[in-house]
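Let's take a walk through a protein together.

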Amino acid sequence: MTGFASREARAAFIAGLPKAELHLHIEGSLEPEMMFSLAQRNGVSLVFESVEAIRAAYDFSNLQDFLDIYYQGMAVLQAEQDFFDLTTAYLDRAATDGVRHVEIFFDPQGHTARGVPMANVVGGIARALTEAEERGITSQLIMCFLRHLPEADAEATLDAALPFLSLIHGVGLDSSEVGHPPEKFARVFARARSLGLKIVAHAGEEGPPDYVWQALDVLQVDRIDHGNRALEDAALVQRIVSDGLTLTVCPLSNLKLCVVDDLAQHPLRRMLAAGLRATVNSDDPAYFGGYVNANFVAVADALNLTRDEIITLARNSFTGSFLPPAEQAVHLAAIDSFVATY
Ligand code: ADE
Ligand code: ZN
């Protein structure tokens, strides 16, 4: 028994549930329409001739396939206003999905390497986040280091971010995982932690369980992004459970990047059953075919998730956030009152 009369009833329940999104790359929310309009505004020529041609190119066989297109796409982002427009479009979309709090990743090295000043990137994103706060969505910003680049580049990026640290809540690690283990970034993450920043890292998306161990033991992460392959190691699962760490799981991303062959084989239910604090997130929604509710609905349909499992996922999104406990409690109470009306 799932506790729902139909799939439609489950989708409506998901749509109404208050939720947080904890794994969202703002550059991955760049829809083809905006890519085209920003290309025109900034005089950037795209290799694609139309919005349809862009969408047709979004057929990936692994993470690297996607990243090659993702880094090309972000070349249209240049002015502070571009980052503001991108972030505002995402926040408007998230609000319609019942998202009350977001923790947003950005990839400064994808921009500074093209000569875009850090101030344009952080300034535009932060201005949009401040405006959204007035409309009721809270947020935190997480600066990611690109792991395919040397640690020295990450160090230089952290230096460039120092004037903006009041706007940045944490640091993360993303891009090509295999061949770039967390320990490659031990020093820069230690410095980030000493600056009072939260620590997250993509681990176990394509990389082996050992990379998840390194994220825990070397980087001392506060949260794990993806973590799928942790399930291959029972001792690792026990460690994540006993540390009470949250996993930011991204079902449609996993499907599009062939981390799973079929959503019916997605590990989300097994994660919950093992006592892992899993959450549902969209990762790069413009590339993977859906925002957070679409991710919830797709995985709920594929695994026939129950009402209790869906409520747990929504609760985990707030308890796994970096919001202070008192604010988490307000959101958890909002979930309780939504559930009580159902
Ligand atoms: N950058 C954007 N999306 C990513 C993902 N799913 N994995 C690693 N790096 C990313
Ligand atoms: Zn990601």
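Predicted model: local features only at pLDDT ≥ 70, side-chain atom pairs only at ≥ 80, totals over all residues.

Start at the zinc ion, which is ligand 2. Which protein residues are its donors? They are His23, His25 and His202, each through its NE2 atom, together with Asp283 through OD. These donors lie 2.0 to 2.3 Å from the zinc ion. Now find the donor residues in the sequence: their spacing reads H-x1-H-x176-H-x80-D. Both His23 and His25 are buried.

What about the geometry of the site? Ideal angles for four tetrahedral donors are 109.5 degrees. Here the angles among the four donor atoms run from 84 to 174°. Tetrahedral would require all angles to lie between 85 and 135 degrees, and the zinc site counts as irregular.

Next, turn to ligand 1.

Look at the polar contacts next. A nitrogen atom of ligand 1 is 2.7 Å from a side-chain N or O atom of Asp283. There is also a ligand nitrogen 2.8 Å from a polar backbone atom of Ser175, and one 3.3 Å from a side-chain N or O atom of His25. How much of ligand 1 does the protein bury? Taken alone, ligand 1 exposes 260 Å², and the protein buries 100% of that. Finally, where does ligand 1 sit? Its place is in the largest cavity.

Methods. Residues numbered from 1 in each chain as written. Chains lettered and ligands numbered in written order. Heavy atoms only, no water. Donors = N, O, S within 2.8 Å, 3.2 Å for Na, K, Ca; no water. Tetrahedral: all angles 85-135°; square planar, octahedral: opposite > 155°, others 65-115°. Buried < 20%, exposed > 50% of the residue type's maximum accessible area, 1.4 Å probe, protein only. Polar contact = N/O pair within 3.5 Å; in protein donor to acceptor, adjacent residues only side chain to side chain. Areas by Shrake-Rupley, 256 points an atom, 1.4 Å probe, with all protein chains shown as cover. 1 Å grid on protein atoms, 1.4 Å probe; cavity = no way out; pocket = protein on both sides within 12 Å on 5 of 7 lines; lining within 4 Å. Sits in = over half its atoms within 2 Å of the grid points.
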